[in-house]
Amino acid sequence: MKKHNFVAIVFLICICFTGQAFPESTSHLSGHYYLDGVREVGSELLLLPSGRYQWMLAYGAIDYNSEGNWSQKGDRVVLVADALKETKTLFSFDKISPVIQWDVRAEQLLQDDQFRIEEQRVFARCPFLNTGEYASLPGLVNDLQPTELKANVRKAQAELLIAKANFEKMAEQAMKQVVSEPLGVDNPLVLKHAELSMAKAVAAMGRFQSAWSAVKESHWAAGLPVMAKPDLKLPEECIITEKPAVDHAKSSSFGGGYAVKVGDVDAGLSFSGIQVEFAFSDGHVEKRVTGRSGLAVVALRPSAALQKIILKTADGSSAAEALTAPPGDVTGNIYMINFNSQAFNKPFFTRMELQIDDKKLYFIELDGNYVKR
């Protein structure tokens, strides 16, 4: 066979199997692109002649990065991201300041936390306290005479006092049953009687709140200033102490405790919703969740030191990671923990297609164009 005939046959085979004689040139697509036309989003794309790409997108405090291979498929540029490298840990102590001194912010958070815990205990023990005050609005129109309006005020006040006395009686009886209930835990009749007494107290609180709403409405209708709401005499077990206020100027008055602050120093972020377990040397474990400031706090334990801090992501998708607490001040410490948010964030894409439009690449997901500069 002559040489030129062999070349022709190879050429025809290429056309049959590839649809074209030679690969389409992509050199004109290589370059540095910037996203245009999308508000509050910054993004860059670098297409290298080697077939590799680098990509980044920034939205607020969140950054996404990707690199991998790119190719042209018809009128599309296709980006295929490299497989993510497995990250061993998400949480680690800050390398510069793993432990800082207990401060007024942590102390106030601890006091607030302890107040909420005690408040929840009281509400669970005395459920009638959790009956909210009924909303009421001033009436716009009334056809009653002044004497009738004043009579309504007196009637509402009298009914309020009756409702108050009835509630106080029911509450006292209910709490006596709660105190005596442990003695009859195996007696269904005792338990049933205790439940009935508590239900009566809850209903009595409802009647008191209704009576108080009627008092306010009667005063508004008569054009009189509303009287002060009478204080209820509560059983001792149902009294909630006032919410504490920390004296910023007297650090010596701080109770002290342990706190963790979870954040990403590089991104300038604090992370809420992180599940935290404080494990002490006596085997006790306290569970908390970080708030908006990234902080979670617990009180000091007498004769027990904090040994480990166990952390888990908010959605529970990661395995729990245990960090050994470094030594610090016995009066309290704040442990600064870095959360590798970049490793935790799912990639923005594993495969993305950009439509070729003259010298621009159309980003379908965000309805914007990458423009070469």
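Analyst: Ser30 is buried, with a relative accessible area of 15%; buried means under 20% relative accessible area, exposed over 50% and partly exposed in between, using a 1.4 Å probe and protein chains only. Keep in mind that this is a predicted model, where local features need pLDDT of at least 70, side-chain atom pairs count only at pLDDT 80 or more, and totals for chains, interfaces and linings use all residues. Residues are numbered from 1 along each chain as its sequence is written, and side-chain values use heavy atoms, leaving out hydrogens and water.

So where does Ser30 sit? You'll find Ser30 in the loop between α1 (3-18) and β1 (31-36); helices (H or I, at least four residues) and strands (E, at least two) are DSSP runs, numbered from the N terminus. Setting aside neighbours within four places in sequence, Ser30 is in contact (heavy atoms within 4.5 Å) with Leu47, Leu48, Pro49, Trp70 and Lys372.

Leu47 is the bridge partner of Gly31 in β2. β1 and β2 pair antiparallel over four bridges; two strands pair if DSSP finds at least two bridges between them. These two strands make a hairpin with four residues between them, and Gly37 in the turn has a positive phi of about 90 degrees.

Now look at β2 (residues 41-47) itself: Val41, Ser43, Leu45 and Leu47 are on its covered face, while Gly42, Glu44 and Leu46 are on the uncovered one. In a regular strand the side chains alternate between the two faces of the sheet.

Moving on, β2 and β3 (residues 52-59) run antiparallel, joined by seven bridges, and Leu45 stands opposite Trp55 in β3. Their hairpin also has four residues between the strands, and there Gly51 takes a positive phi near 95 degrees.
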